[in-house]
Amino acid sequence: MTNNNPLLIGQGLPPFTEIQVDHVVPAIEQLLTTVDAQLTELEKNIVPTWAGLIEPIDRLSEKLNWAWGIVGHLMGVQNSPELRTAYEASQPEVIKFFMRLGQSQAIYQGLKQIATNADWAKMSTAQQRIITAAIRETELSGVGLEGEKADRFNEIQLELAELTTKFSNNVLDATKAFNLDLTQPEDVAGLPPSLLAQSAQASRAAGQDQATAETGPWRITLDYPSYVPFMQHSQQRHLREQVYKALVSRAAGGEYDNAAHIERILTLRREMAQLLGFESYAEMSLASKMAPNVAAVEDLLESLRQASFDAAHRELDDLREFSHTTDLQPWDVAYWSERLREQKYDFNAEELRPYFPLEQVLSGLFNLANQLFGISIVPADGQTAVWHKDVRYFQVNNEQNEAIAYFFLDPYSRPAEKRGGAWMNDCVGREKLADKVQLPVAYLVCNQSPPVDDQPSLMTFAEVETLFHEFGHGLQHMLTTVDFASAAGINNVEWDAVELPSQFMENWCYHRPTLLSMGKHYQTGEPLPDHYYQKLVAAKNFMSGSGMLRQIHFSWVDIELHHRYQPSHGQSANDVRLALAKKTTVLTPIPEDQFLCSFGHIFAGGYAAGYYSYKWAEVLSADAFGAFEDAGLDNVEAVQQTGRRFRDTVLALGGSQPPLEVFKSFRGREPEAAALLRHSGLLITV
């Protein structure tokens, strides 16, 4: 097995069609043996220079990173019990190696020597930032700990890795475990044809061979392309209640219970931070972010809370009045919001689907990228292996028609094997090697509505926005011009700035030429009628106070749990959430609401004590889009010039400079929050 193991190739595009689960453990074992010996040799011969230390460190772990990155990617898009077993068998040893690397005194002293020797001043800003970040990361990895403290720190890291993996798997399994099979016509009253067809297809996949959109049975799941339209359109309140309660209680109790994992994760994170001399995990997290301290984060959240709280209350009152009920429950909000939107703006989300087939949306998105950034994107399907038949592959060319990057697109929901949400990850990073530049390759993963029967994937407008969002992340990975892998693309970008390009791209969904270029009826080719554009713009800030407050609620709960909360002191994490809900929600969470048990962003992802980053970066992204508004969105030449400047700063410079300096290079000044409030319809002018 080892001799022909594709995970040992160590570079280039992954040969997905050749990789089998039983390749994982032997490949990782062999790679770990090799890198362990190489690290021992490096520690014996430290040369405190860029070429003598930084480059060897990068080369040391690149093959292991390549193989383990593929395994991690497959865990997200092709999860299976067999893959989980292999992953969990290898994960502890991988973590132990990186702990050893991060805690190497020889390397740490070498890094500090580089930062103080005569060559430091001759280095580029990118090189200096890479070294400074490496020193900080080594310190946060526990290099300064000794004896029992070091042992305990390492035990914590191993246990946390195991717990966060379990948390993620439990959410996936709990989501898969629920389905609601409807058999009577009255059960599906109000549901749009697209959901009926999708639900019948789900029934057929579950063994109901005779299921049709007209006669059923219809299977509703907690997968978002099923859940969201069901909650928006089902006229059966008791069924909405059942589905809503299933969603908010996922992984809370029973076989897939995450409640105990949450308390343990928070306990361990707090202990880890205190071993390093921080008061809380939040302080430790912010040590490598833009935000200077917890107070700065809470100041931002409070300013946005004040701008959105009253608006959210008014929106809820409007729903109560419109629905003629004082007993408005959480499972009513999406339904009545959609009815109110229909009345106020004379359209609903389902009407737009036929105008947004995936291929046409991609065409409009790629045309926009060409206009803004001078790049052309062409299909490259068949040029490399993919992990699923629905995955697409694209080539990105510059203005000279030369390839500068590639990306995979995995667009559709597959609840049986693919985790929810949407994300971008790096497959191959840009790096200047001896004889050539290694071109970046990105993974773009969404969970949008799949094709149904003979129809293509017909997207909701929200799914269009999600695709633009992830493409924005991809642009920062793909259009970087930094030649050092450690600062190319999103690498070395402070976490609370990393959402800037993604949230920036969402603004273009409301740009009239862009929207009309990608909105064409999948059957007739008819362009999206202009009245739909006008209605979308008019409805852009519908319920925006509630939307803003929801994000503030999540952000504040995250910070509170990682800063002030002390597990095992009489309160649970959910108690903390409920206390904060009094000032950050306008509809009290119901007793069954155990949302934290499925809050993968902070308990199984990279957003622990960092969920606020969405709002921190949205200040930057809204202000960045303001530069295009100032130039004139109808002025094609001005938009192109501003787009090239955005490309050459925000997208090109990656982590080579501090994000504030990158922003100032583009905008000519520091960011201001007014644009975000204006775009959200929450800026009150006197």
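A crossing of two helices is called left-handed if the near helix is turned anticlockwise from the far one by less than a right angle, and right-handed if clockwise. The model is predicted. In it, α12 passes α20 in a left-handed crossing, and the crossing of α2 and α4 is left-handed.

The table sets out the geometry of the two pairs.

| Helices | Crossing angle | Axis distance |
|---|---|---|
| α12 (residues 294-323) and α20 (residues 544-563) | about 145° | 8 Å |
| α2 (residues 50-77) and α4 (residues 105-116) | roughly 130° | within 10 Å |

The angle between α2 and α4 makes α2 oblique to α4. On the α2 side, Trp50, Leu53, Ile54 and Ile57 take part in the contact, and they meet Ile107, Gly110, Leu111 and Ile114 of α4. Sorted by class, these residues are seven nonpolar, one polar and no charged.

In the pairing of α12 with α20, the α12 residues in contact include Val294, Glu298, Leu301, Arg305 and Phe309, while those of α20 include Ser544, Met548, Ile552, Trp556 and His563. By class, this contact has 12 nonpolar, six polar and five charged residues.

Helix α16 is described on its own. Spanning residues 461-478, α16 has 18 residues and reaches 25 Å from its first C-alpha to its last, close to the 26 Å expected at 1.5 Å a residue. Of its 18 residues, 16 are buried, so α16 is largely enclosed by the rest of the structure.

Methods
Residues are numbered from 1 along each chain as its sequence is written. This is a predicted model: local features need pLDDT of at least 70, side-chain atom pairs count only at pLDDT 80 or more; totals for chains, interfaces and linings use all residues. Side-chain values use heavy atoms; hydrogens and water are left out. Helices (H or I, at least four residues) and strands (E, at least two) are DSSP runs, numbered from the N terminus. The expected span of a helix is 1.5 Å times one less than its number of residues. Buried means under 20% relative accessible area, exposed over 50%, partly exposed in between (1.4 Å probe, protein chains only). Axes are lines fitted to C-alpha atoms, for helices over the stretch in contact, and angles run from 0 to 180 degrees between N-to-C directions. Angles under 35 degrees count as roughly parallel, over 145 as roughly antiparallel, 65 to 115 as roughly perpendicular and the rest as oblique. Contact means heavy atoms within 4.5 Å. Ala, Val, Leu, Ile, Met, Phe, Trp, Tyr, Cys and Pro count as nonpolar, Asp, Glu, Lys and Arg as charged, and the others, Gly among them, as polar.
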